[in-house]
Amino acid sequence: MTQSPTRARPARSVLAGIAAVGALGAYVLVSSVGLGLWTSLGPGPGLFPFAMGAVLAAMSVLWLLQELKRPSTTGEGADGGLVLAVVVSLVLLAALLDLLGFQLSMFLFLMYHLKIRGKRGWLSALLTALAGSVGAFYAFNYGLNVALPVSSIPVLNLIGL
Amino acid sequence: MDTLNELLNGFAAALTWQNLIFAFLGCLLGTVIGVLPGIGPVAGVALLIPLTLNMDPTGSIIMLCAIFYGTAYGGTITSVLLNTPGEAASAITTIDGHAMTKMGKAGAALTIAAIGSFVGGTIATLGLVAAAKPLGELGLLVGPPEFFALMVVGISLLVALAGKSMVKALISGALGLLISMVGIDPVAGAPRFTFGMDRLLDGVSFVAVIVGVFGLSEILSYRKGESTVVHAPGFRSLLPTRNEWRRSAPSMARGTGIGFGLGLIPGMTGSVASLLSYGAEKKFSKHRNELGKGAVEGVAGPETANNAHANAALIPLFTLGIPASPTIAVLMGAFLQQGLTPGPTLFTEHSEIAWAIIASLFIGNLLLVLLNVPLVGLWTSILRVPAPILTALILLFMVIGAYTINFSVFDVFVMIGFGLLGLALRHLEIPLAPMVLTLVLGPLMERSLRESLEISQGDFSIFLNRPISAVLIALGLLIICSPLLKLRKPKALTDDPET
């Protein structure tokens, strides 16, 4: 993924980044005008965002000019499989947290990461997942007085999940 | 005498068993974070903020401060034993520290580093005690215009934290400010950038953003590494020889001076302190020829400087409300979550809490030595925990942390979103440090600006008619313009891995 400095063209991901920054700047500029830049008492709610939108828009132009002159390197590419696995599992966990309750959803999440992705042995995976789900639930609920969610499904709720 | 009395009262408050446990747990967790490569101090402190939200403000800040300087020592352990710095400020210690390990002197290196950290940290905290009263008295003179001027100085540090590209630093800073502006505007009460979502009226949770941008994105950018075998040094080998003690003392003195001095200058990170201290050893040490080949000075100097810096950097935070480094900015965010505004008013409005925290810094530095040297075997065993288990457990903590801020799944989604944003910023080499700075300071700056202009009925000269704010604004502008004036940054700053 690392761009060679001798190549004259900026990396596609850099161009996408510049476009995103520029678009965000333009959006903020337009919407902050609607918030009101100045009131009779001084700066309105839109003034600070307006200034930030202007900074983003101006910097995206400068960045593009810099890139066209001398393409920069980008950071090392991430491991796509890892990103996908972590993000999708986290989104599913967050979506199921209130439905299945913390213990069951976190147990499944941890088992996925330990057994399927991490290829740990059954015993080690089960023990760690139980400690991280049931153990953490009781430690937080009773030790730290921090209530983690329980299942909204009556049957699961009845058995303490 | 007043200061002494206040400090003694602070000790009385800090020495309650709950606060001692918080300091102990903080040192423990901080060391673990420091030991784990990949989880830096910024993400580590942010990750643990939710655990402290239900505590009383004193206990919570005591614990977070302990975590903060615990990370500074934890990073040393892996630098010495593994040649892998647990965090950026310990990178330079790898040179002589790991060479000492190869010579069978790992235990001595770790002990010298721990004692150096203790010396540097304690002297820097004494500096905080001395500075607290006179600077704290300024609190009575600080109104919204002065507060705004202090925030201008704080934000101007973006220049120092910019790293290689000013353009990218400004993008990062502007993004941080925009994120902090989501929600009800603090003066007029108008909703901004809420996209019609009620949940966004209170703004985006600071903790969820920081955990996502710094913590989750770090996990997402993990690359497959080789597993390493670590051997902890035996207990007997922990004691340095008399010669090693004698050689370390001057290095510790130099390290304390450098770390303390740089800690007072906002924008200088711990990495710069340890790099410059190593440079000083190369110049002034009697055994400079041995540096790089396992000289104890190469461990004693940088490690002392690193911890002196960590503690001295709390001085601008406590007395002026200026966060000197990204980690301190996160710490400042934690203060704000607890309803405490660090800065001149801290000592007038919450004097008891402030002094209890200062007293706990002394206790924490002592705990760190008592805890770290004998337990070095335990710390190294953490590194033997297989990566999938560590990753899964860190993710578990992130989810609990994000969820418990408002007991809402929404914040978990916010964390995931900002994790992806952080990953994109890392890929584009946009520095994350300016973002955390503006995220914390932005709302304070905006509120004080608008309050000041309401007082003056829109007249900007209010900032120049009041001497303190005029001087501070001039200072801030000077820092911002310094790149134009060709006041060049030292190389150590440009190459600072923490930015």
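Buried means under 20% relative accessible area, exposed over 50%, and partly exposed in between, with a 1.4 Å probe and protein chains only. The legends below refer to a predicted model, in which local features need pLDDT of at least 70, side-chain atom pairs count only at pLDDT 80 or more, and totals for chains, interfaces and linings use all residues. Residues are numbered from 1 along each chain as its sequence is written, chains are lettered from A and ligands numbered from 1 in the order in which they are written, and side-chain values use heavy atoms, with hydrogens and water left out.

**View 1. Helix H5 of chain B and its cover.**
Helix H5 of chain B spans residues 93-102 and is mostly covered, with seven of its ten residues buried. Helices (H or I, at least four residues) and strands (E, at least two) are DSSP runs, numbered from the N terminus. The buried set is B:Thr93, B:Thr94, B:Asp96, B:Gly97, B:His98, B:Ala99 and B:Met100. Their cover includes H4, helix H6 (106-137), helix H10 (242-264), helix H11 (270-284) and helix H12 (297-312) of chain B. Contact means heavy atoms within 4.5 Å. After H5(B) comes B:Gly104, with a positive phi near 80°.

**View 2. B:Ser60 in helix H4.**
Helix H4 of chain B covers residues 57-82 and holds B:Ser60. B:Ser60 has 1% relative accessibility and so counts as buried. Beyond residues up to four places away in sequence, B:Ser60 touches B:Thr52, B:Met55 and B:Gln338.

**View 3. The B:Lys105–B:Glu244 salt bridge.**
B:Lys105 and B:Glu244 form a salt bridge, with their closest N and O atoms 3.7 Å apart. The rule asks for a side-chain nitrogen of Lys or Arg within 4 Å of a carboxyl oxygen of Asp or Glu. This pair links distant parts of the chain: B:Lys105 sits in the loop between H5 and H6 of chain B, B:Glu244 in helix H10 of chain B, 139 residues apart. B:Lys105 is partly exposed, at 28% relative accessibility. B:Glu244 is buried, at 9%. Over all chains the count is nine salt bridges.

**View 4. A salt-bridge network in chain B.**
Salt bridges link B:Asp185, B:Arg192, B:Glu446 and B:Arg450 in a network. B:Arg192 pairs with B:Glu446, the closest N and O atoms being 2.8 Å apart. B:Arg192 lies in strand S2 of chain B and B:Glu446 in helix H20 of chain B, so this pair ties together parts 254 residues apart in sequence. B:Arg192 is buried, at 2% relative accessibility. B:Glu446 is buried too, at 2%. A salt bridge also joins the side chains of B:Glu446 and B:Arg450, at 2.9 Å from N to O. Both of these residues lie in helix H20 of chain B, four residues apart, about one turn of the helix. B:Arg450 is buried, as is B:Glu446.

**View 5. The interface of chain B and chain A.**
In chain B, 57 residues are in contact with 63 residues of chain A. The two chains bury about 5,000 Å² between them, 80% of it on carbon and sulfur atoms. Buried area is the accessible area (1.4 Å probe) that two parts lose on being put together, summed over both. The side of chain B that touches chain A divides into 42 nonpolar, five polar and ten charged residues. Here Ala, Val, Leu, Ile, Met, Phe, Trp, Tyr, Cys and Pro count as nonpolar, Asp, Glu, Lys and Arg as charged, and the others, Gly among them, as polar.

**View 6. B:Val412 beside chain A.**
Helix H19 of chain B contains B:Val412. B:Val412 is buried, at 0% relative accessibility. Leaving aside neighbours within four places in sequence, B:Val412 is in contact with A:Ala94, B:Val399, B:Ala402 and B:Tyr403. B:Val412 and B:Val440 are 28 residues apart in sequence and 20 Å apart in space, C-alpha to C-alpha.
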